[in-house]
Amino acid sequence: MKKKLSFATAILIYIMFYIFIAMSALEKNIDFSAYQRYYKVILNGWFTTIAISLVALVMAIFVGLILYLMRESRFAVLYYFSEIHKTIIFGTPLVVIAIIAYYYIGNAFNVNSKFWVGAITLALYIGAYIADIYKGAVEAIHVNQWQTAKMFGFTRYQTYRYVVFPQVITGILPPLAGQFTMTIKSSALLAYMATDEFLNTIKTVQSISYRYPEGFIIVTTGYLILTVPLIMLVRMLEKKLNYKV
Amino acid sequence: MRLKIRNLKKCYDQKGIIENLSLEVDDIQVLSLIGASGSGKSTLLRLIAGLEAFEAGSIEVNGHNVIESEAVEYRKKVGFVFQDHNLFSHLSIFENIMLVLEKVHHRKRSEVEPEVKKLLEQFGLMEHAGKLPHQISGGQSQRASIVRALSIRPELILLDEPTSSLDPILTYEVLSAVKLLAEDRIDFIIVTHEIGFAKSVADYIVFMEDGKIIEQGDRGILEAPQSPELKRFLGKVLTFDGGSNVNSL
């Protein structure tokens, strides 16, 4: 009970702070009419954000796996290919990658769909982080699990299939859910390549109506509606899957 | 069991762990490897299991020439109980056993289920069969590990200090389970610090120090040790072993 009360108090303080900031930014009364008028476009942008993030995450799971397998490969070229990709990604802001991807790489490969260039860019970006999640999860498997599999006569494939993989899956679920949150947030940067996702549609309405603070209220709330359940899912998974060796 | 080890040499980082070790025993059911920590007994056991490669010499177990890189089929005939049970942490006790039988030994689930249940019953684990390894005690995990090793109907079971991380009560529990193996006439080699236990079950005892066999023979060597090293070792161990309940096993 005490915990719930403390939580409610903290939330209330945050909401009050949020309202205070919003109110002090508003010149006149709060007015969402422009946003009501364009709600279909905004909703469309919100769904585009969900779709682009989902598609990007699914692709990133495979990109990450490919990068991880390349890193573990016996062929040094593949190892370095993976490492160079990760270094570039880790060292460059997503917004810069997004702009280059759209204006130059997409153009070079004749890909004109903003949605697909955006999704692929995000997948290549998030995939680099996911590759490290795989690496961490496999390394976290205790040496005795490998040893036992060897002792009992498991083949390499059987060891991965029945011993390593099931443990890796439970190990990567919480960080993967976390990466999905990251993907949704990062997708906002695709506004810079004029993808019609959530932030970009809000920015468009803002520039038409000049009602900027209202737009930011909607955009923050819209992202939180998507990310808060995911953050809660991560916490729940971490608690549930936290078994000891 | 028949065990023939000739001029065995094993190094880690160019440091000799086992040096020119030879051992030959025949028609032995329970062999106990004893010695202080770092004496090389666990390494020797792992070499006998075909888990690690060695630099020189040869190991022959029941006619199998043990070479790590070619020991896949040999290892399937040997049960191993690790120091820390090494159960697969994502599987229940029952599934830990079934996985090995189904996937490695290609046995039908319906055929082996009654056998496995009988073993779990025998080792007092039936009520824990559905639990994950972290949900049961260290002693129960170690007994489950013994059942897993036993379930493959091995020619030989190797036990690497199965009680080293357990308190005296759990040690008693696990050693009682190991004693069941002896009573069932199953051949096994056990690395142990429990001298009282070695004395009560082993047919043959090998005492090691610094990667060498110092003394070997039947239980008598524990009553009347010949080498100063074994005398010193027993002197130290038995000083604290007087009240241990494993002597009464």
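Colleague: Why are strands β9 (residues 204–209) and β10 (residues 212–217) of chain B said to pair?

Modeller: Strands pair if DSSP finds at least two bridges between them. β9(B) and β10(B) have five bridges, in the antiparallel sense, so the term applies. F207(B), for example, stands opposite E215(B) in β10(B). The two strands form a hairpin with two residues between them, and D210(B) in the turn has a positive phi of about 50°.

Colleague: How do you number these things, and where do they come from?

Modeller: This is a predicted model, in which local features need pLDDT of at least 70 and side-chain atom pairs count only at pLDDT 80 or more, while totals for chains, interfaces and linings use all residues. Residues are numbered from 1 along each chain as its sequence is written, chains are lettered from A and ligands numbered from 1 in the order in which they are written.

Colleague: What makes a stretch a helix or a strand, and how many does chain B have?

Modeller: Both are DSSP runs numbered from the N terminus: helices are H or I with at least four residues, strands are E with at least two. By that rule chain B has nine helices and ten strands.

Colleague: How do you know whether the radius of gyration of chain B agrees or disagrees with that of a compact globule?

Modeller: The radius is taken over C-alpha atoms, and the globule rule is 2.2 Å times the number of residues to the power 0.38. For 249 residues the rule gives a value near 18 Å; chain B has 18 Å, so the two agree. Its C-alpha atoms fill a box of roughly 55 × 45 × 35 Å along the principal axes.

Colleague: Why is D13(B) called exposed and not buried?

Modeller: A residue is buried with 20 or more other C-beta atoms within 10 Å of its own, exposed with 12 or fewer, and partly exposed in between; C-beta atoms are placed from the backbone. D13(B) has 5, so it is exposed. D13(B) lies in the loop between β1 (2–12) and β2 (15–26) of chain B, and its phi is near 50°, a positive value in a residue other than glycine. Most residues other than glycine have a negative phi.

Colleague: What about H106(B), buried or exposed?

Modeller: H106(B) has 7 such atoms within 10 Å and is therefore exposed. H106(B) sits in the loop between α3 and α4 (109–122) of chain B and has a positive phi of about 50° although it is not a glycine. Across chain B, buried residues make up 45% of the 249.

Colleague: What makes a group of residues a nonpolar core?

Modeller: The members are buried Ala, Val, Leu, Ile, Met, Phe, Trp, Tyr and Cys residues joined through C-beta atoms within 7 Å. The largest has 76 residues, of which I48(B), I157(B), L158(B), F188(B) and I205(B) touch the most other members. Helix α6 (residues 168–183) of chain B gives the most to this core, with six residues.

Colleague: How do you know which residues of chain B are in contact with chain A?

Modeller: Contact means C-beta atoms, placed from the backbone, within 7 Å. By that rule 18 residues of chain B are in contact with 18 of chain A. On the chain B side, α3(B) gives the most, with four residues.

Key: Two residues are in contact if their C-beta atoms, placed from the backbone, lie within 7 Å.
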